[in-house]
Amino acid sequence: MRKVGIRLLRFKTGTPARVKKETIHLDELEIQPGEDDPIPFSSQTDPAEFDTEKQTPCYIVYTNEETHRIIHENIHRSAMYSGQIHGTGPRYCPSIEDKLVRFADKERHQLFVEPLGENTEEMYIQGFSTSLPTDVQRKMLRSLKGFQDAQIMRYAYAIEYDCADPLQMDSTLEFKEMSGLFGAGQFNGTSGYEEAAAQGLIAGINAARKIKGLKPVILPRSSSYIGTLIDDLVTKGTDEPYRMMTSRSEFRLLLRQDNAEERLLPIGHDIGLVSEERYNEYLKRQERINNEIARLEHMFVSPAAANILLEKNGESPVVTGVSMADLLRRPGLTYEKIMEIENSGLGLTGKEAVSVEIKVKYEGYLKHQLAAAEKIGKAEKQSLPTDVDYSQIDGLRLEARQKLNAVRPKTIGQASRISGVNPADIAVLMIWLQKNK
Ligand SMILES: Cc1cc2nc3c(=O)[nH]c(=O)nc-3n(C[C@H](O)[C@H](O)[C@H](O)COP(=O)(O)OP(=O)(O)OC[C@H]3O[C@@H](n4cnc5c(N)ncnc54)[C@H](O)[C@@H]3O)c2cc1C
C-alpha cells in the first residue's frame with residue numbers, strides 16, 4: 001500500500017481476559033441489571049425479544065490496592081511499556097496498566113463483568129484489558145473480590161495494526177487519488193464494531209453505485225451518526241483509534257433512537273435498499289405519530305379534569321382549559337400519564353408513543369438545536385489569536401486543550417475540524433472569544 005502512495009497510520013488496541021462464569025463468586029459482586037424497558041432501533045424487531053425476564057445481568061467489581069501492587073511490580077513486562085508496541089492506543093478504553101500510570105491518583109478502577117452471550121460460559125471483564133504476561137494476569141484477576149477461584153478461558157492481549165489515513169478519502173469513502181478504491185472500518189482508523197459496520201455499508205453502497213453510474217450517497221452530519229462519523233474521518237482525520245460517541249455530534253437532540261427510521265429509512269428506500277412493503281409500513285407509522293400529535297394539540301381538557309392529574313403528579317394546577325399537548329409538556333407528566341385523562345388514542349406502539357412524547361415535550365429544544373447549529377456554521381469563519389494558552393480556558397475538555405495547544409488553529413472553523421475538539425468545545429471557544437474580543 002505504501003508503494004502505491006497510501007499514507008498509513010499505526011495504532012494499537014487490546015482486549016481483556018474471558019473468565020469462566022461458574023468460577024466467579026457472582027454473589028460477592030454488585031449486580032448491574034439491564035434497562036427496564038429497552039426499545040429496539042428497528043420497528044421490524046420483535047419487542048418480545050427484549051423481554052426483561054430474559055435479560056442476563058452484568059456485574060460490577062473494582063480493582064484494589066493488591067491489584068495495583070501486582071500491576072506496578074510487573075509493569076516492565078507489559079508489551080505496551082517495554083517498548084515492543086509503539087502505536088497510539090484507544091483513548092476511551094485504555095489498558096489497565098495505562099490507567100494506573102495515567103490516573104495514578106485513583107485508588108481503584110471500576111470493571112464491568114459482562115456475559116458474552118446466553119449460551120456461553122465466557123465472561124468479559126470490561127475495563128481490564130492488558131498486555132501483561134499470563135502469570136501476571138492470573139494474579140491480577142484473582143486479587144479482585146469474588147475472583148479468588150476464577151479461571152481464565154482466554155487471556156487478554158494487545159495488538160498493533162496499520163491503517164490508512166482517512167484524510168485521503170472523500171465523503172463517499174473512495175480514495176480521492178485512487179478512483180475505484182474504497183476504504184472502511186478499522187482500515188480507516190476507527191475502532192469498534194458499529195463504526196466498521198456503518199462505514200462498510202456506505203462504502204459498499206457507493207462502490208456499487210459507482211459501477212452503475214449512479215449518484216453517490218453522502219449522509220449529512222445532521223442525518224445520522226454514520227454521517228457524523230464519516231465527516232469527522234474525512235475532514236478532521238484521526239491520530240488515534242476513532243470511536244463514535246454521541247458527544248461528537250452537534251445535533252444530538254435530533255439524532256435519536258426513536259427517530260432513526262425517520263432520518264434514514266426514506267434514503268434507504270430511495271436507493272432501493274428498503275422494500276416497498278417496509279416503506280409503506282413506515283409511512284403508516286409516521287402518519288399515526290403525526291395524527292396523534294395533532295390530536296393532542298387540538299384537544300382541550302377542562303381545569304377540573306386536568307387538575308386531578310396535575311395534583312397527583314406534583315404539578316401546579318391550571319385555572320383555564322388546557323390542551324393535552326400542554327399537559328404533556330409538564331416535566332412531571334408523560335404520554336402514558338396523560339392517557340389517564342383521555343385514552344381514545346390511536347393505539348400507538350410503545351415506540352410510537354415515545355416519539356410522540358419527545359416531539360411534543362421537547363419541541364422548543366429541538367427548534368433551538370437547529371438554530372444553534374446554524375449559528376455555529378456562521379461562526380466557523382471567526383479568527384482565533386495564535387498566542388492563546390488553551391489549558392487556561394475553563395470549560396474545554398482536557399483532550400480539546402491538548403489538541404488545540406498542539407495545532408494552534410487560526411479560525412474557529414479550523415479548530416472545529418481538529419479530531420478530539422468537539423462541538424461543545426467550539427461553543428466554549430466562541431463564548432470565550434466574545435468575552436475577550
Ligand atoms: C483485540 C481487539 C479488541 C477489540 N475489542 C473491541 C470491542 O470490545 N468492542 C468493539 O466495538 N470493537 C472492538 N475492537 C475493534 C473491532 O474489532 C474492529 O474495529 C472491527 O472488527 C473492524 O472491522 P473491519 O471489518 O473493519 O475489519 P476486520 O474485522 O479486521 O475484517 C477484515 C477482514 O479482511 C480479511 N482480509 C485481510 N486481508 C485480506 C485479503 N488480502 N484477502 C481477503 N481477505 C482479507 C481479514 O481476514 C478480516 O476477516 C477490537 C479490536 C481488537 C483487535
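By buried I mean a residue under 20% relative accessible area, by exposed one over 50%, and by partly exposed one in between, with a 1.4 Å probe and protein chains only. Please bear in mind that this is a predicted model, in which local features need pLDDT of at least 70 and side-chain atom pairs count only at pLDDT 80 or more, while totals for chains, interfaces and linings use all residues. Residues are numbered from 1 along each chain as its sequence is written, and side-chain values use heavy atoms, with hydrogens and water left out.

With those terms in hand, Met245 counts as partly exposed, because its relative accessibility is 23%. Met245 sits in the loop between helix H5 (225-236) and helix H6 (260-270), where helices (H or I, at least four residues) and strands (E, at least two) are DSSP runs numbered from the N terminus. Leaving aside residues up to four places away in sequence, Met245 touches Tyr92 and Tyr225, a contact being heavy atoms within 4.5 Å. Between the C-alpha atoms of Met245 and Leu229, which are 16 residues apart along the chain, the separation is 9.0 Å.

Let me turn to the ligand. Which residues are the closest to the ligand? They are Tyr124, Gln186, Gly192, Tyr193 and Arg243, out of 14 residues that surround it, each having a heavy atom within 4 Å. As for polar contacts, that is, pairs of N or O atoms within 3.5 Å, a backbone N or O atom of Gly192 is 3.1 Å from a ligand oxygen, a polar backbone atom of Tyr193 is 2.9 Å from an oxygen atom of the ligand, and a polar side-chain atom of Arg243 is 3.2 Å from one. Taken alone, the ligand exposes 1000 Å², and the protein buries 43% of that, by the Shrake-Rupley method with a 1.4 Å probe.

Where does the shell come from? Strand S1 (8-15), strand S8 (157-164) and helix H4 (193-211) each supply at least two of its residues. Domain 1 (8-162) and domain 2 (165-249) both give residues to this shell, so the ligand lies between them, the bounds coming from an automatic or database domain assignment.

Finally, the chain as a whole: there are 15 helices and ten strands, and buried residues make up 45% of its 437 residues.

Methods. A polar contact is a pair of N or O atoms within 3.5 Å; within protein, one must be able to donate a hydrogen and the other to accept it, and residues adjacent in sequence count only if both atoms are side-chain atoms.
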